[in-house]
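This report treats the overall fold of a protein chain and then the surroundings of one residue.

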Amino acid sequence: MDFKELEKRVVAFRDARGWAKYHTPKNLAISAAVELGELLEHFQWEGDEEILKAVKDPAKREAIGDEIADVVIYLTLLAHELGVDLDEAMERKLEKNGRKYPVQ
């Protein structure tokens, strides 16, 4: 799924429920940060090896995946509200990063 398709599906889901009125840029940015905090809770007090071991449990991996998806959904809606084309933004940013951090 590309970002344009993801955006279309997320916006349709939101609009079918009448939530657009709540999805201001400020609210969406805050919501993305809140969801990122919920994702971070899965890693709090754990080392990298413990985390990698924990995600072998399908339920734990699904819970983490759900939080990652929530972050992506809110960022997708934020981009939509601000008129940011995520496909273009990602391509542009990857090109910038390639110039900034060339392969040695």
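## Fold and dimensions

The protein chain contains 5 helices and 0 strands, in the order α-α-α-α-α along the sequence; helices (H or I, at least four residues) and strands (E, at least two) are DSSP runs, numbered from the N terminus. Because its radius of gyration is 16 Å, well over the 13 Å that the globule rule gives for 104 residues, the protein chain is more spread out than a compact globule. That radius is taken over C-alpha atoms, and the rule is 2.2 Å times the number of residues to the power 0.38. The C-alpha trace spans about 40 × 40 × 25 Å along its principal axes.

The model is predicted: local features need pLDDT of at least 70, side-chain atom pairs count only at pLDDT 80 or more, and totals for chains, interfaces and linings use all residues. Residues are numbered from 1 along each chain as its sequence is written, and side-chain values use heavy atoms, with hydrogens and water left out.

## Burial and contacts

Of the 104 residues, 20% are buried (under 20% relative accessible area, with exposed over 50% and partly exposed in between; 1.4 Å probe, protein chains only). Among contacts (heavy atoms within 4.5 Å) with a separation of 6 or more, 74% join residues 24 or more positions apart.

## The setting of Arg-14

Arg-14 belongs to helix H1 (residues 3-16) and counts as buried because its relative accessibility is 4%. Beyond its neighbours within four places in sequence, Arg-14 is in contact with Trp-19, Ala-20, His-23, Leu-77, His-80 and Glu-81.
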